[in-house]
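Hello,

Here is the structure I promised to pass on. Have a look at it first, and then read my notes below.

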Amino acid sequence: MAKQYDVVVIGGGPAGGAVASGLKAQGKSVLIIEADLWGGTCPNRGCDPKKILLSAVEAKRRAQDLQGHGLKGVPQVDWSALMTTKRGYTDGINDGTLHGLQASAIDTLHGQAYFQADGQLTVDGTVVNGTDYVIATGQQPTILPIDGHEYFQTSTDFLDLATMPKRVTFVGGGYVGFELAGIAQAAGADVHLIHHNERPLKAFDQELVTALMANMTTMGITFDLNVDIKRLTKQADGIHLTDDHGFELTTDLVICSAGRQPNIAHLGLENIGVATNRRGVQVNDHLQTTNPHVYAIGDVSDTAAPKLTPVAGYEARYLVGELTIPSAAISYPVIPTQVFSELKLAQVGVTPTQAAKQPAQYTVNTLDMTKWFTYYRLQTPQALAKVVIDQATGLLVGATCLSEIADEVVNYLMILIQKQVTLSELQQLIWAYPTPASDLQYLY
């Protein structure tokens, strides 16, 4: 007879690993199942390896900005050495994660989980029994269903390229397209980014997105907007991308960067009454699905929260409490999001677009920070911010930033917004100077 567990977790990534460890610490018997790499997307083939590759791009970018301002000569990206550094990190993730779970006395099983019926879970034929189940299977890259789609590669392939092709094309203008396009260009590729309409990165302020695109164009990236690719064909001179209106481009590598989709197709959720949609597994405000003994956390769920690793961890911590001593509905703090592109684009809180719809409540201030000392010393070509102020309280409630250090600044802004820090309270703090933190008072 199969062993009975208090909780069976499906997915060994950041969300699944955190909830399994937390429940085990609370005395629960836990089994965690993984069909692919232990550790999940983020450390194996997502945010972590991407940031390792980006480190060389950032260094090159800083050197370019300082040409004629104290530096001569721009370093070149050694892709082979950079990839070796990346693999020095990622090659140990799978085994390290697995050993960590086992060291915590968490049972592990590798294989494809499938619900045959309510309360009947199998993993490659092995029967598994649990009182409650947690789905934490994450997302995977979307492949556009067009003619020749078999010639598409994904972000997973890009992040493990042994050599950088001469011509690289990205189809899809979201986070992944912008981020990897910058890396490819810095590594010497001729880069095109194709988007089906005129509004890439639609979740961000259009003015700042336009400024980012102008900067990336200056760096050598070509944007092909309002192009809806219909087919890929492989010919002797490369892969040809065409639409129905005369567009044609030949490239050596084409990455489909048209978003991600939840990993739910092979779980048999329809057999246990778990409702899903194109955004993922439907959950209530206790992260419970339409089956009361099944929960979903992280990127696979259809919550409104951004699909980010820290959010997955936050939900895991909440669910540990919920499955130990049920409590109030989950409540999310303000969550910063960012695009790690040529210049960083980051936002948190109320967006300028949202604020513009309520002019009686919010004021939006646009700031050109290029001449501020922090950005002057870096010679950054653009440093822009749009800050949203609540008129009644004077509190900072939202901000969108574009600069080389926007990913750092947005975390400071998140704290100010979450903790409702007034300008007078901020001025009572003494920050190390001169630093980005000491500039915060000028954003109110």
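What is the order of the strands in the open sheet of five strands? The order is 19-20-23-22-21, and the pairing is antiparallel; two strands pair if DSSP finds at least two bridges between them.

Before I go on: this is a predicted model, in which local features need pLDDT of at least 70 and side-chain atom pairs count only at pLDDT 80 or more, while totals for chains, interfaces and linings use all residues. Residues are numbered from 1 along each chain as its sequence is written, and side-chain values use heavy atoms, without hydrogens and water. Helices (H or I, at least four residues) and strands (E, at least two) are DSSP runs, numbered from the N terminus.

Strand 19 (337-340) and strand 21 (362-368) are its edge strands, as each pairs on one side only. Strand 21 is joined to strand 22 (residues 384-390) by seven bridges, and these two run antiparallel.

Next, helix 9 (residues 309-322). Its buried residues (under 20% relative accessible area, with a 1.4 Å probe and protein chains only) include Val311, Ala312, Tyr318 and Leu319. Among the elements that cover the buried residues are helix 1 (14-25), strand 6 and strand 18 (294-296).

Strand 6 (residues 126-135) is also the place of Asn129. Asn129 counts as buried because its relative accessibility is 18%. Leaving aside neighbours within four places in sequence, Asn129 is in contact (heavy atoms within 4.5 Å) with Ala2, Lys3, Gln4, Tyr5, Val8 and Gly119.

Best wishes

Note on methods:
Buried means under 20% relative accessible area, exposed over 50%, partly exposed in between (1.4 Å probe, protein chains only).
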